[in-house]
Structure formats: structure tokens, C-alpha cells
Amino acid sequence: MMRNGIELLVRRVSAIHQHSISSSFQVLPQFCTSSSSSSASPSSKLFIGGLSWSVDEQSLKDAFSSFGEVAEVRIAYDKGSGRSRGFGFVDFAEEDDALSAKDAMDGKGLLGRPLRISFALERVRGGPVVVSRIGKSKRDRERVFK
DNA sequence: GGTGAGCGA
């Protein structure tokens, strides 16, 4: 359905190119993306952020087991204090269930706090994985005072 | 402490 619109757009663009130059034009796949948000990795592991400080693995599993079979649930606890860091991971038996759970629970409130769910990235071996929404380096801010 | 990335085979 949406493809027709894209094809029409492509035809218009090619028509414009006709009177100019007949080089090999190609359409970038970036413009063909549907209304899909970022983090569309094919994985059944979910990263759960924005959790309340009082949530535990049992509560999280109980909240997500209604969408499908939960294979594994893990909460990140602070090493030293023993308290939860406010985020965790949920592994579903099927990717479809994970996608449904993410779509259903992302942005919803749990224990009074809105949840932030994304597909989990496996931790890099030999070092902590660093990922951010903006992916901006803090070192880019060089203080040039004086 | 709130914009996030874990553990133990």
C-alpha cells in the first residue's frame, strides 16, 4: 500500500532526472523505511529501563509472562550496595512475544514509573558495553577557557 | 540515583 506512494515518488524523481542527466540513479533504502522506530533488532532479549527502584526479577517476570513464555529475567543490581539500578533484562522464548511485550509495556507505568523497553545488546566481552540514544561523545566538549 | 547496558557458563 505505502509502496505505491514510494514508487510514485521514485517515478517523479526519475522524471526530473530525465531532462538532466541519465546517470544510474538508485533509491536509498533509508527512504523506504516504514513507520518503524529505532532498535528493531531481531532478538528476543529486551532491555528494561526506567524501572522502579523497588522492582525485582520476580515482579518483572510476572508482569511480562502474560505476553509469552519468559525464558530469563535479570535485574541489574549495584555491586556494593546491593540495590537495583532501576533497569533489567527480559528474555522471551519467542521473538514475537518479546516484540508484543515491548510494544505493550514500553512507555507504560510499572510501580508508578514509566518503562523504557528496547532490544537488549549483549555485553561486549572484556569490557562494558556503552550505548546511548544520541551516541554523543562527552569528550567532544573541550574546555577552551583561557 | 531517573536516559538507561547485566551475569555466569
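Helices (H or I, at least four residues) and strands (E, at least two) are DSSP runs, numbered from the N terminus. By that definition, chain A of this predicted model has three helices and six strands. From the N terminus on, their order is α-β-α-β-β-α-β-β-β.

Residues are numbered from 1 along each chain as its sequence is written, while chains are lettered from A and ligands numbered from 1 in the order in which they are written. As the model is a predicted one, local features need pLDDT of at least 70 and side-chain atom pairs count only at pLDDT 80 or more, whereas totals for chains, interfaces and linings use all residues; side-chain values use heavy atoms, with hydrogens and water left out.

**Confidence**

- The mean pLDDT of chain A is 76, and 61% of its residues reach 70 or more; pLDDT is the predictor's confidence in each residue, from 0 to 100.
- Over residues 20-25 pLDDT stays under 50, and the model has one contact for them beyond four places in sequence, where contact means heavy atoms within 4.5 Å.
- Residues 134-145 also have pLDDT under 50 throughout, with zero contacts beyond four places in sequence.
- Where pLDDT is low, the predicted coordinates should not be read in detail.

**Chain totals**

- Of the 146 residues in chain A, 23% are buried; buried means under 20% relative accessible area, exposed over 50%, and partly exposed in between (1.4 Å probe, protein chains only).
- The accessible surface of chain A comes to about 12200 Å², and 50% of this belongs to carbon and sulfur atoms; accessible areas come from the Shrake-Rupley method with a 1.4 Å probe, and for residues only the protein chains shown count as cover.
- Among contacts between residues at least 6 apart in sequence, 59% join residues at least 24 apart.

**The sheet**

- Four strands form an open, antiparallel sheet in the order β2-β3-β1-β6; two strands pair if DSSP finds at least two bridges between them.
- The edges are held by β2 and β6, each with a single partner strand, so one side of each is left without a neighbour in the sheet.
- From one strand to the next, the twist averages 20 degrees; axes are lines fitted to C-alpha atoms, for helices over the stretch in contact, and angles run from 0 to 180 degrees between N-to-C directions.
- Six bridges join β2 and β3 in the antiparallel sense, and Val70 has Phe92 in β3 as its bridge partner.
- The hairpin of β2 and β3 has six residues between the strands, and Gly80 there takes a positive phi near 135 degrees.
- Strand β1 (residues 45-49) runs antiparallel to β6 and is joined to it by four bridges; Ile48 stands opposite Ile117 in β6.

**Helices and core**

- Helix α2 packs on the sheet, where it touches β1, β2, β3 and β6, and its direction makes about 140 degrees with that of β2.
- Helix α3 lies across β1, β3 and β6, running at about 155 degrees to β6.
- The largest nonpolar core has 19 residues, and those with the most contacts inside it are Ile48, Leu60, Phe64 and Val90; such a core is a set of buried Ala, Val, Leu, Ile, Met, Phe, Trp, Tyr and Cys residues joined through side-chain atoms within 4.5 Å.
- At least two residues of this core come from each of β1, α2 (57-64), β2 (70-77), β3 (84-92), α3 (95-105) and β6.
- Beyond four places in sequence, Leu60 is in contact with Ile48, Leu51, Val55, Val73, Ile75, Val90 and Leu110.

**Individual residues**

- Lys61, in helix α2, is partly exposed, with a relative accessible area of 43%.
- Leaving aside neighbours within four places in sequence, Lys61 is in contact with Val70 and Val73; its C-alpha atom is separated by 8.9 Å from that of Arg74, 13 residues apart along the chain.
- Ser52 lies in the loop between β1 and α2 and is buried, with a relative accessible area of 12%.
- Not counting residues up to four places away in sequence, Ser52 touches Ser84, Gly86, Leu110, Leu111 and Arg113.
- Leu111, in the loop between β4 (109-110) and β5 (113-114), is exposed at 56% relative accessibility.
- Although Leu111 is not a glycine, it has a positive phi of about 60 degrees.
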